[in-house]
Amino acid sequence: MSDRLRPPSAESVAETAADLLTRVRDGSPVTHCITNSVVTWYTANVLLAIGAAPAMVDIVGEARLFAGVASGVLINLGTPLPEQRAASIEAADGAVSAGTPWVLDPVAIGVLPVRTALAADLLGRGPSVIRGNASEILALAGIGRGGRGVDATSSPDDAAEAAASLAMRTGGAVAVSGEVDLLTDGVHVVRIANGDPLLTRITGGGCALGAVMAAFLGAAPAGCPPLLAAAGATLAYTVAAEDAAAGSPGPGTFAVRLLDALSALAPEDVVRRARVRTGAIEGAAR
Amino acid sequence: MSDRLRPPSAESVAETAADLLTRVRDGSPVTHCITNSVVTWYTANVLLAIGAAPAMVDIVGEARLFAGVASGVLINLGTPLPEQRAASIEAADGAVSAGTPWVLDPVAIGVLPVRTALAADLLGRGPSVIRGNASEILALAGIGRGGRGVDATSSPDDAAEAAASLAMRTGGAVAVSGEVDLLTDGVHVVRIANGDPLLTRITGGGCALGAVMAAFLGAAPAGCPPLLAAAGATLAYTVAAEDAAAGSPGPGTFAVRLLDALSALAPEDVVRRARVRTGAIEGAAR
Amino acid sequence: MSDRLRPPSAESVAETAADLLTRVRDGSPVTHCITNSVVTWYTANVLLAIGAAPAMVDIVGEARLFAGVASGVLINLGTPLPEQRAASIEAADGAVSAGTPWVLDPVAIGVLPVRTALAADLLGRGPSVIRGNASEILALAGIGRGGRGVDATSSPDDAAEAAASLAMRTGGAVAVSGEVDLLTDGVHVVRIANGDPLLTRITGGGCALGAVMAAFLGAAPAGCPPLLAAAGATLAYTVAAEDAAAGSPGPGTFAVRLLDALSALAPEDVVRRARVRTGAIEGAAR
């Protein structure tokens, strides 16, 4: 617990982002994705652009095995066919058994019952990082507590308490996306103001970030807290998004340039341009 | 029936296109898509670019529910896995129960038996709009009448009678794509000459238009005939395609610029550049 | 057997590439793909760009029928859902019955058991062309001989013997991708040094080449050996990749420009810029 008592500084977040970006490029971590059919192509390209090795392995009989040998795993619930639901459970079990870090992205849970039940099953397996928008985080935190469904809430700060409670339950980190991204381990908070509204005008802008988090977790040295790896991924990704947005005439060009920008991203630029604030969750036992 | 007696003018088609484009951007209609695995990414990006909110919900246990709360629904039969076939029936039933307008795109029916049977089931549920090429519309019109299969016909005009007969059966509109798009409600005809051949050189050029039709239907005010909403979507989309094609060195750049152009499209340009003719189906009871 | 005794010259490979490129554009061969969910969109766009007619038909009850009427078939094992595994067997049987040439791309076999078993089933049906990286070809050659799994081998030359043995078993050709692509029919070898490293920085760079091979096989005149058709596809594709890479700031732009370049590719440029060497498999009975 003592590690969790020291709050990360804004500088340490930025330096971790730069360090893990370099480690991803040097080590090309195999990043195992079970993700939705809308974003598989873009997600794989984002991972390749940043230097990771994507592997979409989403069938029963292979997912458990592969999660055990991969560096990091992403489970995204966007379009969960029955086969992929079973493979997701396999992958989570394989990741937990092998100590592989894994990310849960509970897309559109709350209002949609099949994926909501699956998210509950996966939550109980303790994802290293949970990534979602405010509504999804609120819905996930409500599971097993009476299920209040999806709130029409858009600000990450409105979901800060729910995020902290989820993080305390899993022992991992929770990332809430928004104009200013909010990440927490239940005690500390990291806020990242980098990014561009065009990220919300392309499909998979958030889903691909979940995959980058899995790659950064997979490249992180032993002892690197999931909160720092997830924040590092968010920072690197959103700084690249700023590069991509500059001069883009619209979302099509932006999506293409984001791949170029991730590929060209300089670690020192991530540090220099970081807009990070850190603090403590209000009311958290410190 | 009296509404159907007044033929829409070319001006009203263009003005409806501009009005619905503005409504889509203002209201961001949730557009529920069950579409093929080839075009999910591009379709979602097209919807985001034009201002709608895409949601790919294609599993049993969620599709009926979601079709009831969405603004519009697209069911495209391009790669219908068993789960998606069942979800398509669910979604159509959910749309019909809730009064949600829905679009059927019967990709490649006629020669392929599984999707042809599915198309027959869906046709009986009365889609608001059917969208396809001439061969698909001919094949769909032949279902239940002896099934004459796919004709090697490429002109929308060759499918005008079949389209009109389908529209009379469903009470909705039918859109036949081609060099000049033809749309009919069984009595009136709208022909739209905008567009560019590059639309046929990218995958999903037609499939994404079906999604835009669902978004326009979802944004339309009460009483707007499906024929006008579908024609408005076609006009806005094909004018944007002209912008995207201008100066594009090839289909890759065109696909990217189409997203930019949809995002930048000005309603007044749609009106100004519309190449629309309207008339009556020959032999239709007027 | 006498045909196999004459070694193809580098000139004949280049001229075949140019000839088949022209035939693809003139005849627009229907290319039936059962491929992975990550690359369907890009693969279809690559086929359209080069002039072929893609058709993704990957369900039971349609795949056998369609493989019988298509010009060429691709079966890629990247994300094989149960339905697609069954459809792959159907498609291979349909292709064999009808004499349709077909390509097998055994993505990531060796370490992953479900697709490895499927690859063994498909191998027994005699694909016209097998396409993979060195590890996949080594793994496939090991099937039924004790299964030595995946070697961490990256050079096509290390897999030359395995490729030749597979080709002798199937009577078709085997293509091993790498910095210099190696193709063999078990006796002769074609090496192609065109291409660009950016092809490995986008997802589906290799998968889409498998589809182009199916299109070239489908457009080839009777008697054209699979080795020449596959080499022709590789050459056309990698020359276009050089055009696309020139001046590309990163992988996103490269992926887009590759579609433009395939569309604009001049047959005479393929001949002029070909970097092809031909020879014999060492130790092959000549």
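**Close-up 1. Backbone at C:S28.** C:S28 is partly exposed, with a relative accessible area of 32%. The phi of C:S28 is positive, about 45 degrees, although C:S28 is not a glycine. C:S28 sits in the loop between helix 2 (10-27) and strand 1 (30-34) of chain C. Helices (H or I, at least four residues) and strands (E, at least two) are DSSP runs numbered from the N terminus. The model is predicted: local features need pLDDT of at least 70, side-chain atom pairs count only at pLDDT 80 or more, and totals for chains, interfaces and linings use all residues. Residues are numbered from 1 along each chain as its sequence is written, chains are lettered from A and ligands numbered from 1 in the order in which they are written, and side-chain values use heavy atoms, with hydrogens and water left out.

**Close-up 2. Backbone at A:A108.** A:A108 has a phi near 60 degrees, a positive value in a residue other than glycine. The loop between strand 4 (102-105) and helix 6 (113-123) of chain A holds A:A108. Its relative accessibility is 28%, so A:A108 counts as partly exposed.

**Close-up 3. The salt bridge of A:D243 and A:R273.** The closest N and O atoms of A:D243 and A:R273 are 2.9 Å apart, and the pair forms a salt bridge. The term covers a side-chain nitrogen of Lys or Arg within 4 Å of a carboxyl oxygen of Asp or Glu. This pair links distant parts of the chain: A:D243 is in helix 10 (residues 226-245) of chain A and A:R273 in helix 12 (residues 267-273) of chain A, 30 residues apart. A:D243 counts as partly exposed because its relative accessibility is 34%. A:E242 joins A:D243 and A:R273 in a network of salt bridges. Over all chains, a search of the whole structure finds 24 salt bridges.

**Close-up 4. A buried pair in chain B.** B:D105 and B:R131 meet through their side chains in a salt bridge (3.1 Å, N to O). Distant parts of the chain are linked here: B:D105 belongs to strand 4 (residues 102-105) of chain B, B:R131 to strand 5 (residues 129-133) of chain B, and they are 26 residues apart. Both B:D105 and B:R131 are buried.

Close-up 5. The side chains of B:R272 and B:D269 form a salt bridge at 2.9 Å, N to O. Both residues lie in helix 12 (residues 267-273) of chain B. They are 3 residues apart, about one turn of the helix. B:R272 has a relative accessible area of 59% and is therefore exposed. B:D269, at 23% relative accessibility, counts as partly exposed.

**Close-up 6. A:M56, an annotated position.** Under "binding site", an unreviewed UniProt entry lists A:M56 and A:G204. UniProt positions follow the numbering used here, feature names are shortened, and annotations may be inferred rather than shown by experiment. Of these residues, A:M56 is included in the lining of the largest cavity. A cavity is a set of points, on a 1 Å grid over the protein atoms alone, where a 1.4 Å probe fits but cannot get out; lining residues have an atom within 4 Å of a point. A:M56 is in strand 2 (residues 53-56) of chain A. At 10% relative accessibility, A:M56 is classed as buried. Not counting residues up to four places away in sequence, A:M56 touches A:C33, A:T35, A:T40, A:T43, A:A44, C:V38, C:G78 and C:T79. Contact means heavy atoms within 4.5 Å.

**Close-up 7. A:T35, a partner of A:M56.** A:T35 is in the loop between strand 1 (30-34) and helix 3 (40-50) of chain A. Its relative accessible area is 5%, so A:T35 is buried. Apart from neighbours within four places in sequence, A:T35 contacts A:T40, A:M56, A:L74 and A:N76.

Close-up 8. A:G204 lies in the loop between strand 8 (188-192) and helix 9 (205-219) of chain A. A:G204 counts as buried, at 8% relative accessibility. Beyond neighbours within four places in sequence, A:G204 is in contact with A:V39 and A:Y237.

Terms used: Buried < 20%, exposed > 50% of the residue type's maximum accessible area, 1.4 Å probe, protein only. 1 Å grid on protein atoms, 1.4 Å probe; cavity = no way out; pocket = protein on both sides within 12 Å on 5 of 7 lines; lining within 4 Å.
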